[in-house]
Amino acid sequence: MNTNNNTEQTVVPRRSFLKTAALAAAFCGATFMGAGQAHAATTWKIQSVWDAGTVGYDLFEDWCNGMEEKSGGELIFKCFPAKAVAADNNSLFDSVRSGVLQGMNPFTLYWSGKIPASVFLSSYPAGPDQPHQWDIMFYSMGMLEKTREIYKKFGLFYVGPIQHDANIIHSKEPVNSLDDLKGLKLRVPGGMVAEVFQAFGASTVSLPGSDIFPALEKGTIDAADYVGPAVNWELGFSQVTDYILFGPPGVMSIYQPVDLMDLTVNMRAWNALDPKLQQLVEDEVRIYSQKHYLTIQKRNIEAMEKFKNAGDTVSRLSQDDVEEWRRKAIPIWYKWANKDEDARAIFDIQIDYMMNETVGYIDESDLEGIQGR
């Protein structure tokens, strides 16, 4: 009898405990769900300068689409191709500053008129011409930190560089040496690049990528720089030109050999992001940079076979051409470096690197008598 009473007394409290625990668990679950709802996923709208349907945009879109899973559902990148939200580059810049877009994937050089230092944040005529050199300067020599200081003045956060490709020139007539540039009507991106071509007698014009094909087709221009073989094949350049200009063997381009893109975001959007998500975005940009670059290089090899089969002919400049190109370019480097203190700060990092014996592109004799040094 006593045993039964003890059992009954034991069972009742246990059942009561289980019921209480279940209610507590349900409450905690509701609280957790509520917290999850309170911290809903952050969505960033990001526009690229790549046109839809190009390999560049396909790669960027795929990377953006993977961010939700990589962030555990906390961050979503909704990407847009060129002109989808912001109609042109000026509008793109302003849209990210104002927060209409949270981010952009531009060619960094596009901002030379707004941020003079940007001419030194992507390769320039006769400057560092290997992709790893730019990664070294950004990630090992303080150039990333300085770039972020500069962009902060515009309400922007420069996440990091994205390796893309070299830029090449397609022409209607062969260009076999720098002498052949004289009188050439040439599309280039403007800024320092245009000034060096002008120093060799070319007549330059700046056109958006989508306007290059019709300008070549109509004969408004004789030749055009754009990106590398993979994208230029997709844009149909082989239909309106017969010749492709490269640098010496091993160098695709002497005027923009490492054309960098980047991911830049609105500063308020960046500061609102949890630090662990900020680190994820930074890490993913570095991973994407390598993936983008390597994929483009593979496509370049395939595209060059297509150009060859279509009858296009490759011309190469000589090493003597490179040395003459650098002689004309160096005074223009300093002209741009002295536009403001930010441009000079970035350039000083690079000039020290180029003069270091590990690189050895220039020495004191190359700088003698240079105005503005």
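Residues are numbered from 1 along each chain as its sequence is written, and side-chain values rest on heavy atoms, with hydrogens and water left out. Because the model is predicted, local features need pLDDT of at least 70 and side-chain atom pairs count only at pLDDT 80 or more, whereas totals for chains, interfaces and linings use all residues.

**Stop 1: the five-stranded sheet**

Select β2, β1, β3, β10 and β4, which in that order form an open sheet with mixed pairing; helices (H or I, at least four residues) and strands (E, at least two) are DSSP runs numbered from the N terminus, and two strands pair if DSSP finds at least two bridges between them. At the edges stand β2 (75-80) and β4 (156-165), each with a single partner strand, so one side of each is left without a neighbour in the sheet. Neighbouring strands here are turned by 25° against each other on average, direction ignored; axes are lines fitted to C-alpha atoms, for helices over the stretch in contact, and angles run from 0 to 180 degrees between N-to-C directions.

Within this sheet, go to β3 (residues 103-105) and β10 (residues 259-266), which run antiparallel and are joined by two bridges. G103 has V265 as its bridge partner in β10.

α5 touches β4 and β10, and its direction makes about 165° with that of β4, where contact means heavy atoms within 4.5 Å. α11 touches β2, β4 and β10, and its direction makes about 20° with that of β4.

**Stop 2: S289 in α11**

Stay on α11 (residues 275-309) and select S289, which lies in this helix. At 5% relative accessibility S289 counts as buried, the term meaning under 20% relative accessible area, with exposed over 50% and partly exposed in between (1.4 Å probe, protein chains only). Leaving aside residues up to four places away in sequence, S289 touches P161, I162 and Q163. A polar atom of the S289 side chain lies 2.8 Å from the backbone nitrogen of Q163.

**Stop 3: the α5 and α6 pair**

To see the contact, show W134, M137, F138 and Y139 in α5, which meet M143, L144, E145 and T147 in α6. The residues of this contact divide into six nonpolar, one polar and one charged.

**Stop 4: the six-stranded sheet**

Finally, select the open sheet whose six strands follow the order β7-β6-β8-β5-β9-β11, again with mixed pairing. Its edge strands are β7 (203-205) and β11, each pairing on one side only.

Centre on β9 (residues 243-246), which pairs with β5 (residues 169-171) in the antiparallel sense over three bridges. Here S171 stands opposite Y243, and H170 has I244 as its bridge partner. With β11 (residues 313-316), β9 pairs in the parallel sense over four bridges, and in that strand T313 stands opposite Y243.

Terms used: Ala, Val, Leu, Ile, Met, Phe, Trp, Tyr, Cys and Pro count as nonpolar, Asp, Glu, Lys and Arg as charged, and the others, Gly among them, as polar. A polar contact is a pair of N or O atoms within 3.5 Å; within protein, one must be able to donate a hydrogen and the other to accept it, and residues adjacent in sequence count only if both atoms are side-chain atoms.
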